[in-house]
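Dear colleague,

Please find the structure for your review below. I would be grateful if you could read it alongside the notes that come after it.

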Amino acid sequence: MISLVINPGSTSTKVAVFENDQELFGQNISHPTEELAKLSTIDQQYQFRKDAILHILKEQQQDLQKLDLIMSRGGLLKPLSSGVYQVNTQMIDDLKNSPRQHASNLAAMIALDIAEELGINAYIADPVVVDELQPLARYSGNPLFPRRSIFHALNQKAISRQYANDIERHYEDLNLIVVHMGGGISVGAHEKGQVVDVNQALDGEGPFSPERSGTLPVGDVIRTAFSGKYSEQEMLQMVVGKGGMVAYLGTNDAYQVELNAQAGDAKAMEFYEAMAYQVAKEIGSMSTVLKGKVDAILLTGGLAKSRMLTKLIEERVAFLSEVKCYPGEDEMKALAFNGMLLSQGELEIKKYQ
Ligand SMILES: Nc1ncnc2c1ncn2[C@@H]1O[C@H](COP(=O)(O)OP(=O)(O)OP(=O)(O)O)[C@@H](O)[C@H]1O
Ligand SMILES: CCCC(=O)O
């Protein structure tokens, strides 16, 4: 079974071709801040990402006719249970009308477009809106603003299962704190296979990240929003896209910031320390959700490739439990794996409605 896997992230587009769960070809296309800043509408983003994917496939002489199905990362749909869903027109309508924009909204649209041309099906798995929050986690502080579950569900679940497999236990028997650190950063409390609490990692709360502000002092934000100096769009961009590292240092490239820090740039170094500090605080907070019963803390995502960052985090949270790093993300393999199970009839296809 041959699958095409596509995953538009906030700072990159990943594309791969798998035979069952073995990667035949894979490429991570990075998108610098300046390049993304030119694309203001969802249509422009859609065309840009689709062109990037088709260009790479052509350049690598990948034969699209041999594909059996397309797996893609899910977007900002309504809250859903964990699983695999066939892309349908209802899903595309909801993605197009989503009140929040996010790169992952494009995945199913691009997947369906390519799939229809080839006469095959497209699916999403564990979208960012997987919601397993416990009732107490839904309180914010005002009933107008319930807390929501928007996070890197696909990678957090895949890494958790990989860890469980590594220690020969079942995911459903473990309490884990999983930290995905990419363009956005999510910290999930996994209690016996359910993500019972997680920061709303898109435009809600939690640590700042390469391109997001995370939690901000809310009174100051309201006063700034009503100051007349900024449009709604500009305020939202302060939170997603132009927040965090982009706001402080003007780039979403943490690797470059790390090189600068190592070369003696004190501002870059302090920024890195502050990012680790905020991530560690969020981990501490999630440890109380699990009442201190934490089997392991798992660090994953592009930023987990940085030994410097993971060491800074580890030195603050190692007292809680073992800390393990799974650098990069396993989202592509997780999507391909779901595709393989589907083709073998071992997985239920959920209907999006
Ligand atoms: N070796 C490294 N050291 C430090 N940072 C790194 C390294 N490799 C990648 N990064 C950083 O990781 C970030 C990208 O991570 P990732 O690819 O997981 O994000 P994404 O997929 O675009 O976004 P998201 O995961 O939120 O959907 C970038 O800031 C990149 O510079
Ligand atoms: C939080 C939603 C997923 C992402 O940041 O890319």
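This is a predicted model: local features need pLDDT of at least 70, side-chain atom pairs count only at pLDDT 80 or more; totals for chains, interfaces and linings use all residues.

Domains. The protein chain falls into two parts: domain 1, made up of 2-131 + 332-350, and domain 2, covering 168-328. Taken over C-alpha atoms, the centres of domain 1 and domain 2 lie 25 Å apart. The contact between them involves six residues of domain 1 and ten residues of domain 2. On the domain 1 side, the touching residues comprise five polar and one charged, with no nonpolar residue.

Ligand 1. The shell around ligand 1 consists of 20 residues, and the closest are G9, G182, G183, G302 and K305. By class, this shell contains twelve polar, four nonpolar and four charged residues. Both domain 1 and domain 2 supply at least three residues each to the shell. Helix α9 (residues 254-262) provides the largest share, namely three residues.

Residue S213. This serine is located in the loop that runs between β9 (194-198) and α6 (218-225). Why does S213 count as buried? S213 has 22 C-beta neighbours inside 10 Å, and the cut-off for a buried residue is 20 or more. Apart from neighbours within four places in sequence, the contacts of S213 are F208, M238, V239, G243, G244 and A247. S213 and Y248 are separated by 35 residues in sequence, while their C-alpha atoms are 9.9 Å apart in space.

Yours sincerely

Key: Residues are numbered from 1 along each chain as its sequence is written. Chains are lettered from A and ligands numbered from 1 in the order in which they are written. Domain bounds come from an automatic or database domain assignment. Two residues are in contact if their C-beta atoms, placed from the backbone, lie within 7 Å. Ala, Val, Leu, Ile, Met, Phe, Trp, Tyr, Cys and Pro count as nonpolar, Asp, Glu, Lys and Arg as charged, and the others, Gly among them, as polar. Helices (H or I, at least four residues) and strands (E, at least two) are DSSP runs, numbered from the N terminus. A residue is buried if 20 or more other C-beta atoms lie within 10 Å of its own, exposed if 12 or fewer, and partly exposed in between; C-beta atoms are placed from the backbone. A residue is near a molecule or strand if its C-beta atom, placed from the backbone, lies within 6 Å of it.
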